[in-house]
Amino acid sequence: MGMRVLVEYEKCCGAGQCVMVAPKVFDQRDDGIVVLLDETPPPEQYKAVQEAVTVCPGAALRLEESA
Amino acid sequence: MSSESSDQVLDYPLRAPSALEPPAEWAQLRQGCPVAHIRLPSGDKAVLLTRYNDVRQVLSDPRFSRNLAQDGAARITTNEGGSVFENPEAASLAGGESHQRWRRLINRAFTVKRIQALQTKIEAMANQLVDAMVKKGPPADLVSEFAFPLPVWVIADLLGIAVDDRDKLAYWSNAMLTMTQFTQEEVNRAQMEFAQYFMGHIAAKRANPGDDLLSELITATDKEDVLTERELLMTGQGILVAGHETTSNMIGKMMSMLLADRSRWEQLLANPSLIRTAVEESLRFDANMGFGLPRFISEDTEVAGQPLPRGTTVVCSMSSANRDESFFEGAGEMKLDRAPNAHITFGAGPHSCLGQALARTELQTTLQVLLKRLPTLELAVKPEELPRREGLLVGGIEKVLVRW
């Protein structure tokens, strides 16, 4: 069982916190909106992704268990 | 409100015992009066939120705007020109879809990729400022010799403004934001001079585009026809007033907090990989953030189980929210390795600070450069004697005397 990253794009405000915290998993478009690089990141990325989820100012990210 | 304190109206802003300590009322309000009645300097009434979840809820609610230039909203001061929150022109960009379009356009300049590309320049600027401090010798005022110039140099570079014009830009920025230190006449004149200068600058960039943000905005604008000349001006002014003094003050406060208990500085010297989390913790721990963010409640709502009727003006204290013990473990302690750190110093939701990646990079670069160049740095005054800046909206320290 792995983890899956979920993004609510309409909540993204383009602050780029996720890119600073977990650059292997998140990037930004030219207009700042998040780009998900890896929807099911490897376990060594979980801590960084969880941090990105927690600090996202738009509360646009979630990390869920995937079947 | 049902408690006995419901009749009590606090004068706002609250007064803290020193530049680095929180007002005593915060903890009491969070505990017993999360929706408190306050009187603003104008005499108008408003409501103060101090808990993390409440502040976050209201700031994230897209229905509520910071625009106080509308009927029934409280005025912050009685100054004839009003505060930055009462500017109707800026407000036209502040709500709904037009805000989102504007924001996505301006975001182009503030993506992490763009800011990281700027980092080498910021580092060079920081080193140049330290060179001048070292040449003059200690003691130095970290505010006037480093923290005040650095962000305005960065913004000048971002907007493609010549090095020779940076001092003018710094003065206008100071006058437009620090309402209490200038007469209304000086504020008006600064606004006019800046507008005149910036309109000329836009014209020059239109004729001769460079690789700066302003040129990019103009080209994008010409292509998509989104921003008018006037909106470009409001954007330039917004970037200046939002990005200069706030960041300058934060550099001064961050350095004061880290040096006030020098074991913090030593921890960073021993382990520079803590720089990123130390910057976040400094942002969270800053008790002297200033006024907070106002919101005008345009529809009946509820906060902390209490009704907030339409027409209420709310002041959100992010500083108090950041010290909320029910959200942050050991909220009253500064822990340089705290992670995750979901402080709301930059606000939350669709209006959260546009330039936060830039601010973070400036703060991180400040630490990198000062730790490397001036490892023996220490405060030359007692922390409780650090003089507060008497501005109304943005909290800061007037002077941070250091030696090394």
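**Helix pairs, sheet and interface**

Analyst: In this predicted model, Trp172(B), Ala175(B) and Met176(B) of α8(B) meet Glu186(B), Val187(B), Ala190(B), Gln191(B), Glu193(B) and Phe194(B) of α9(B). By residue type, that contact of α8(B) with α9(B) divides into 6 nonpolar, 1 polar and 2 charged.

User: And how do the axes of α8(B) and α9(B) cross, at what angle?

Analyst: The axes of α8 (residues 166-177) and α9 (residues 184-207), both of chain B, come within 8 Å and cross at roughly 135 degrees. Since angles over 145 degrees would count as roughly antiparallel and 65 to 115 as roughly perpendicular, α8(B) and α9(B) are therefore oblique to each other.

User: Is that crossing of α8(B) and α9(B) left-handed or right-handed?

Analyst: The crossing of α8(B) and α9(B) is left-handed, whereas that of α5(B) and α7(B) is right-handed.

User: OK, tell me about α5(B) and α7(B) then, what angle do they pack at?

Analyst: Helix α5 (residues 112-136) of chain B packs against helix α7 (residues 149-158) of chain B at an angle of about 140 degrees, and their axes are 10 Å apart. That angle makes α5(B) oblique to α7(B).

User: Which residues in α5(B) and α7(B) meet?

Analyst: On the α5(B) side they are Lys121(B), Ile122(B), Met125(B), Ala126(B) and Leu129(B), which meet Pro149(B), Leu150(B), Trp153(B), Val154(B) and Asp157(B) of α7(B). The residues of this contact divide into 8 nonpolar, no polar and 2 charged.

User: Switching to strands: what is the strand order in the open sheet of chain B?

Analyst: The order is β1-β2-β3-β8-β5, with 5 strands in chain B forming an open sheet of mixed pairing. At the edges stand β1 (10-11) and β5 (293-296) of chain B, each with a single partner strand, so one side of each is left without a neighbour in the sheet.

User: How many bridges join β2 to β3 in chain B?

Analyst: Strand β2 (residues 35-39) of chain B is joined to strand β3 (residues 45-49) of chain B by 5 bridges, and the two run antiparallel. Within that pairing, Ile38(B) stands opposite Ala46(B) in β3(B).

User: Zooming out, what does chain B come to in helices and strands?

Analyst: Chain B comes to 16 helices and 10 strands. Its radius of gyration is 21 Å, close to the 22 Å that the globule rule gives for 404 residues, so chain B is as compact as a globular protein of that length. The C-alpha trace of chain B spans about 60 × 55 × 40 Å along its principal axes.

User: And chain A, in what order do its elements run?

Analyst: From the N terminus on, the elements of chain A run β-α-β-β-α-β, giving 2 helices and 4 strands. The radius of gyration of chain A is 11 Å, close to the 11 Å that the globule rule gives for 67 residues, so chain A is as compact as a globular protein of that length.

User: Last one, how many residues of chain A are in contact with chain B?

Analyst: There are 16 residues of chain A in contact with 21 residues of chain B. The elements of chain A that give two or more residues to this side are α1 (17-21) and α2 (46-55), and the largest share, 3 residues, comes from α2(A). By type, the chain A side divides into 7 nonpolar, 6 polar and 3 charged.

Definitions and conventions: Residues numbered from 1 in each chain as written. Chains lettered and ligands numbered in written order. Predicted model: local features only at pLDDT ≥ 70, side-chain atom pairs only at ≥ 80, totals over all residues. Pairing = 2+ DSSP bridges. Contact = placed C-beta atoms within 7 Å. Nonpolar A, V, L, I, M, F, W, Y, C, P; charged D, E, K, R; others polar. Axes fitted to C-alpha atoms, helices over the stretch in contact; angles between N-to-C directions. Parallel < 35°, antiparallel > 145°, perpendicular 65-115°, else oblique. Left-handed = near helix turned anticlockwise from the far one by under 90°. Rg over C-alpha atoms; globule rule 2.2 N^0.38 Å.
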